[in-house]
Each structure stands twice: as C-alpha cells, then as structure tokens.
Amino acid sequence: APTVEILPQTVATEVPPVANVPLTATQHLERGLALLQLAQPDEARKEIFAAIEAEPKNQKFYTDAALKAVQTEQLELAREIALAGTAQFPQSAGLHRLHGTAALRLQRYAEAEAALQQSLSLDNSQALTYFLLGSALD
C-alpha cells in the first residue's frame with residue numbers, strides 16, 4: 001500500500017518584512033490583521049491606521065480590523081477602530097455594535113449601552129445586539 005507522508009504544519013511567527021515598495025491600503029490592513037493574530041497590537045495599530053488613512057471611505061477596513069481586534073482580545077484597539085469607523089460611517093449598525101462589544105468587554109457599561117442602543121436604532125433586527133445590550137444593563 002502506498003504511504004502518505006504528513007508534513008508538519010508551519011505557523012507564522014512574524015509578518016514578512018516589506019521591500020522598498022509602497023504597500024497598498026489592503027496590504028497594510030492584511031499586515032495589521034496578521035500582527036493582531038500574532039499578539040503585536042502596537043505594530044498592528046500602525047498598519048491598520050495606515051490602511052484606514054489611505055482609504056478612509058472603505059467601511060470594510062474598519063469592520064474587519066475592529067472585529068479581529070475583539071477576537072484577539074485587543075479591546076482598547078477594537079474600541080478605537082470602531083469609534084473611528086462610526087465617526088466616518090455614523091449609519092453603520094455593525095460598527096456601533098463592535099464599539100458596544102468592545103466597551104462592554106472593557107466594562108464601560110454606559111458607553112456600551114449607548115453604542116448598542118445606536119446600533120439597534122439603525123437596525124433593530126440584530127438579535128446579538130439585544131443580547132449584548134441586556135448584558136450591558138445587568
């Protein structure tokens with residue numbers, strides 16, 4: 001019977017260095033998200049905000065970065081990104097929900113409540129937001 005060789009999986013431990021070629025906004029964002037995953041929030045912040053400054057009207061940048069920051073427990077950074085996003089996109093229920101989620105996890109209950117109420121005022125069909133709001137009010 002043929003044998004199958006199983007190769008060990010490699011896990012990135014650093015983000016590759018950048019050559020002397022300017023990065024696109026998307027590349028900055030991808031680097032920022034990878035740095036968050038590697039628990040390097042200060043470097044991640046620089047890359048994420050470089051992406052946002054290059055394309056301030058790209059709502060997905062704010063959403064993806066804030067979500068990854070919440071997922072990697074970088075809650076202050078998540079809050080900062082979500083606040084920047086809601087300033088740029090005040091009608092985004094998702095960004096207000098991310099702001100509320102970060103604020104809730106930071107135990108800033110009044111701030112979380114306000115952000116989650118704003119999210120619901122924009123889209124009242126979000127079950128997760130109702131659940132989070134209930135947590136903020138407890």
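Trainee: In which helix is the place of Ser-119?

Mentor: Ser-119 sits in helix α6, which covers residues 109–122. Helices here are DSSP runs of H or I with at least four residues, strands are E runs of at least two, and both are numbered from the N terminus. The model is predicted, so local features need pLDDT of at least 70 and side-chain atom pairs count only at pLDDT 80 or more, while totals for chains, interfaces and linings use all residues. Residues are numbered from 1 along each chain as its sequence is written, and side-chain values use heavy atoms, with hydrogens and water left out.

Trainee: Is Ser-119 buried or exposed?

Mentor: Buried means under 20% relative accessible area, exposed means over 50%, and partly exposed lies in between, with a 1.4 Å probe and protein chains only. Ser-119 has a relative accessible area of 0%, so Ser-119 is buried.

Trainee: Which residues does Ser-119 touch?

Mentor: A contact is a pair of heavy atoms within 4.5 Å. Leaving out residues up to four places away in sequence, Ser-119 touches Ala-93, His-96, Arg-97, Gln-126 and Thr-129. With Ala-93 there is a further detail: a polar atom of the Ser-119 side chain lies 2.8 Å from the backbone oxygen of Ala-93.

Trainee: How many helices and strands are in the protein chain?

Mentor: The protein chain has seven helices and zero strands. Of its 138 residues, 38% count as buried. Among contacts between residues at least 6 apart in sequence, 51% join residues at least 24 apart.

Trainee: At what angle do α3 and α4 pack?

Mentor: Two packed helices are described by the angle between their axes and the distance between the axes. Axes are lines fitted to C-alpha atoms over the stretch in contact, and angles run from 0 to 180 degrees between N-to-C directions. Helix α3 (residues 59–71) and helix α4 (residues 75–88) pack at about 160°, with axes 8 Å apart. Under 35 degrees counts as roughly parallel, over 145 as roughly antiparallel, 65 to 115 as roughly perpendicular, and the rest as oblique. The pair α3 and α4 is therefore roughly antiparallel.

Trainee: Which residues of α3 and α4 meet?

Mentor: From α3 come Tyr-62, Ala-65, Ala-66, Ala-69 and Val-70; from α4, the partners include Leu-77, Ala-78, Ile-81 and Gln-88. By class, this contact has eleven nonpolar, two polar and no charged residues. Nonpolar covers Ala, Val, Leu, Ile, Met, Phe, Trp, Tyr, Cys and Pro; charged covers Asp, Glu, Lys and Arg; the others, Gly among them, are polar.

Trainee: How do the axes of α3 and α5 cross?

Mentor: Those axes come within 10 Å and cross at roughly 25°. Helices α3 and α5 are therefore roughly parallel. Their contact divides into seven nonpolar, three polar and one charged residue. Thr-101 is one of the α5 residues that meet α3.

Trainee: Is Thr-101 buried or exposed?

Mentor: Thr-101 counts as buried, at 13% relative accessibility. Thr-101 lies in α5 (residues 93–105), and it touches Val-70, Leu-116 and Leu-132, not counting residues up to four places away in sequence.

Trainee: How far apart are the axes of α4 and α5?

Mentor: The axes of α4 and α5 are 8 Å apart, at an angle of about 150°. Helices α4 and α5 are therefore roughly antiparallel. The contact is made by residues including Leu-75, Arg-79 and Leu-83 of α4 and His-96, His-99 and Arg-105 of α5. Its classes are seven nonpolar, four polar and two charged.

Note on methods
A polar contact is a pair of N or O atoms within 3.5 Å; within protein, one must be able to donate a hydrogen and the other to accept it, and residues adjacent in sequence count only if both atoms are side-chain atoms.
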